[in-house]
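Here is a short briefing on one protein chain. It covers some helix pairs and a pocket.

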Amino acid sequence: MSSRTAPLTATPRPKIADVAAAAGVSVPTVSKVLNGRSHVSEATRARVQQALEELDYTKRNSPSEPGLLQLVVNNFDSPWVLETMEGVEAAATRLGYTVAYTRAVNATAENWQKLREPSSNRLDGVMLLAPRQGSPLVELARTLNIPAVAIDPEGSQGLQIPSVSPASFSGALRAVSHLLELGHERIGIITGRVHSPGHGRARYAAYAAALHEAGLPVLPEFVRDGDFSIESGSRLGGELLDLPERPTAIFTGSDLQALGVMNAAAQRSLKIPGDLSVVGFDDIAQAALTSPPLTTVRQPLAQLASMAVGMLTEQIDQGKGSTAALEVATELVVRGSTAPPR
């Protein structure tokens, strides 16, 4: 895609940092003038106003001309995606931005260039939700000089744009340790794309580390490679439960997979947690509503979204990016789907 991308011809929208440099003042001083605050001398205010006019600066958080951020998702059919969207919307609104949503297949050079043309609702930056390794959108954003941030990418190493992710390894380690503390030794796992760098691999690594620490082997027959979906949880969970000597507990790479496992257990008349303990990862809204409620690792989705919006708007205002990769702590939420084995 990037080899055929047309060069960006629209003039980059001036940033607050540009105005501050032109006026010879600090960014906070420009912000005070833009928001009509006091404690700015008339001479300084005049210099800032002149720089604003010369640079044709449009205030991004003006109610009549809000800045535009775009959230790019792979699909809209996941509760995890919808909760992240809500968090992005709330954080962006607090900062005076509006948010547009699009699927990754529609995030093209043509569409982004059109949105970058000077207008009252011009695209200021993009957030890529769960971009996979080697996503062409990362390079496209860099080519078009669009500020960009990745939320929960499949691996942040070499990403070349800032990112914010949950602490997958430590969260999964706590989940499997919880099952071991309950007395489980036959623990199965349904991963999420374990062969790609990212959360699936990190959660499997934590599973293996926890078993090793407990002096237990990783049994290949107890490992299934899924794709974070409810369908893979149901299908692969069924495979685990049909083993001659089935696991007494299953840890999954996502809550959707855990829901699939619970469905597979119900189809086989197995009781949770009496016959099988199940632990998920995400803590989507449905996790607390299952019967029994699901024990899971909580990702702070609202915090992830808020941090991503903050990182993006900082790039926009300062006119420079970074490659910072931030991790947010996760938390094990123990509910009714886990218990000691019979």
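Helix α7 (residues 168–181) and α8 pack at an angle of about 40°, their axes being 8 Å apart. Axes are lines fitted to C-alpha atoms, for helices over the stretch in contact, and angles run from 0 to 180 degrees between N-to-C directions. Helices (H or I, at least four residues) are DSSP runs, numbered from the N terminus. This is a predicted model, in which local features need pLDDT of at least 70 and side-chain atom pairs count only at pLDDT 80 or more, while totals for chains, interfaces and linings use all residues. Residues are numbered from 1 along each chain as its sequence is written, and side-chain values use heavy atoms, with hydrogens and water left out.

**α7 and α8**

- α7 and α8 are therefore oblique to each other (under 35 degrees counts as roughly parallel, over 145 as roughly antiparallel, 65 to 115 as roughly perpendicular and the rest as oblique).
- The contact (heavy atoms within 4.5 Å) involves residues of α7 including Phe169, Leu173 and Leu180, and residues of α8 including His199, Arg203 and Tyr207.
- The residues of this contact of α7 with α8 divide into 12 nonpolar, three polar and one charged (Ala, Val, Leu, Ile, Met, Phe, Trp, Tyr, Cys and Pro count as nonpolar, Asp, Glu, Lys and Arg as charged, and the others, Gly among them, as polar).

**α9 and α10**

- Helix α9 (residues 230–241) packs with helix α10 (residues 255–267) at about 45°, with axes 7 Å apart.
- The contact takes in Ile230, Gly233 and Leu241, among others, from α9, and residues including Leu256, Gly260 and Asn263 from α10.

**α4 and α11**

- The axes of α4 and helix α11 (residues 301–318) come within 8 Å and cross at roughly 45°.
- That makes α4 oblique to α11.
- Residues of α4 including Trp80, Glu83 and Arg94 meet Leu301, Ala305, Ser306 and Val309 in α11.

**The largest pocket**

- The largest pocket has a volume of about 670 Å³ (the space filled by probe spheres set on grid points, which are joined across faces, edges and corners).
- Of its 32 lining residues, Ser78, Trp80, Arg193, Asp227 and Phe228 are the closest to the centre of the largest pocket.
- On a 1 Å grid over the protein atoms alone, a pocket is an open set of points where a 1.4 Å probe fits, with protein on both sides within 12 Å along at least five of seven lines; lining residues have an atom within 4 Å of a point.
- α4 (79–94) and α8 (199–213) each supply at least two residues of this lining.
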